[in-house]
Amino acid sequence: MVINSLGYNLNVFINCPFDDGYNAIFEAIVFTICDCGFTPRCAKEREDSSEVRIQKILEIISECKHGIHDISIAGADPKTKLARFNMPYELGLFTGCKKFGDEIQNKKSCLILDKTPYRYASFLSDIAGQDIRAHENNPQKAAAHVRNFLAQKSNRKIPSASIVWERYINYKRVAPRLAKEGGLKIDEVTFRERLELISTWVKIETKTHT
Amino acid sequence: MYANRKLLLSPVVRPSRIKKLEKILIKILEEEKEQKNGKSHSHPQKANGHK
């Protein structure tokens with residue numbers, strides 16, 4: 001597989017729950033990745049039922065140098081009482097790819113997020129010893145962890161977490177109108193449409209402030 | 001702080017869609033700016049009127 005190195009270095013794989021209750025954190029993470037000059041990638045970017053899901057995920061992982069893995073909703077599902085394995089499984093795929101992949105894949109790095117500190121020890125103790133960041137279900141905290149992680153990975157100067165958050169609030173203010181005048185309803189946008197709204201805002205606001 | 005930054009768009013984003021949204025956003029931001037300026041101009045006039 002031929003991988004565009006610039007794309008690879010800036011691509012960030014998001015491995016997180018796609019539940020409605022997680023939307024606020026997900027959107028804040030997507031915005032932060034864009035605002036830090038990186039490209040968010042996730043399984044939701046291609047809605048194609050003819051594709052085998054795991055094949056699609058593996059392809060996206062192979063194209064991303066960085067990964068954000070949120071294992072906060074990996075616990076038991078209240079209805080089925082069964083654990084949700086997708087996020088830890090994809091984290092395993094990502095780290096396996098780093099360990100056993102070629103020299104490009106060996107450069108992978110990731111940020112693991114959870115709800116509270118050390119909670120992971122009771123269900124995923126194999127990751128003990130790695131830095132796990134707790135967001136306490138707070139989108140601003142999650143965004144700050146993502147910003148701080150990407151700031152270490154970037155050659156460019158990235159604004160402080162509070163500045164990125166302030167920009168996110170400004171984006172959120174105009175997003176419903178931007179969506180509406182673009183023929184969309186903000187509550188119904190797909191991942192691709194949301195990414196287009198965010199990318200547009202970041203592009204224009206970045207031009208305005210340079 | 002954001003100077004010299006090149007935005008690398010996701011492969012799933014449609015450049016034609018971004019161009020269309022850019023025009024809409026510029027219009028929205030200009031309208032907001034005008035409204036803001038209008039408000040800040042009207043305030044001193046009101047104050048003067050009371051004098």
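This is a predicted model: local features need pLDDT of at least 70, side-chain atom pairs count only at pLDDT 80 or more; totals for chains, interfaces and linings use all residues.
Helices (H or I, at least four residues) and strands (E, at least two) are DSSP runs, numbered from the N terminus; two strands pair if DSSP finds at least two bridges between them. E1(A) also runs parallel to E2(A), to which 3 bridges join it. In that pairing, A:Phe13 stands opposite A:Arg41.

These strands belong to an open sheet of 5 strands in chain A, with the order E2-E1-E3-E4-E5 and parallel pairing. Strand E2 (39-41) and strand E5 (132-134) of chain A are at the edges; each has a single partner strand, so one side of each lacks a neighbour in the sheet. From one strand to the next, the twist averages 25°. Helix H4 (residues 86-100) of chain A packs on the sheet and touches E1, E3 and strand E4 (109-114) of chain A. The direction of H4(A) makes about 155° with that of E3(A). Contact here requires that the C-beta atoms of two residues, placed from the backbone, lie within 7 Å. Axes are lines fitted to C-alpha atoms, for helices over the stretch in contact, and angles run from 0 to 180 degrees between N-to-C directions.

A residue is buried if 20 or more other C-beta atoms lie within 10 Å of its own, exposed if 12 or fewer, and partly exposed in between. In E1(A), 5 of the 5 residues are buried, so the strand is largely enclosed by the rest of the structure. A:Asn11, A:Phe13 and A:Asn15 point one way from E1(A), whereas A:Val12 and A:Ile14 point the other way.

Elsewhere in chain A, the axes of helix H5 (residues 139-153) and H6(A) come within 9 Å and cross at roughly 125°. H5(A) and H6(A) are therefore oblique to each other, as angles under 35 degrees count as roughly parallel, over 145 as roughly antiparallel, 65 to 115 as roughly perpendicular and the rest as oblique. Among the residues that meet are A:Ala143 and A:Arg147 in H5(A) and A:Trp165 and A:Tyr168 in H6(A).

Chain A also meets chain B: 30 residues of chain A are in contact with 20 residues of chain B. On the chain A side, helix H1 (5-10), E2, helix H6 (161-181) and helix H7 (191-208) each give two or more residues. The largest share of that side, 11 residues, comes from H7(A).

Chain B has 1 helix and 0 strands, and 8% of its 51 residues count as buried. B:Asn37 is found in helix H1 (residues 15-50) of chain B. With 10 C-beta neighbours inside 10 Å, B:Asn37 counts as exposed. The C-alpha atoms of B:Asn37 and B:Ile18 are separated by 28 Å, and the two residues are 19 residues apart along the chain.

Key:
Residues are numbered from 1 along each chain as its sequence is written. Chains are lettered from A and ligands numbered from 1 in the order in which they are written.
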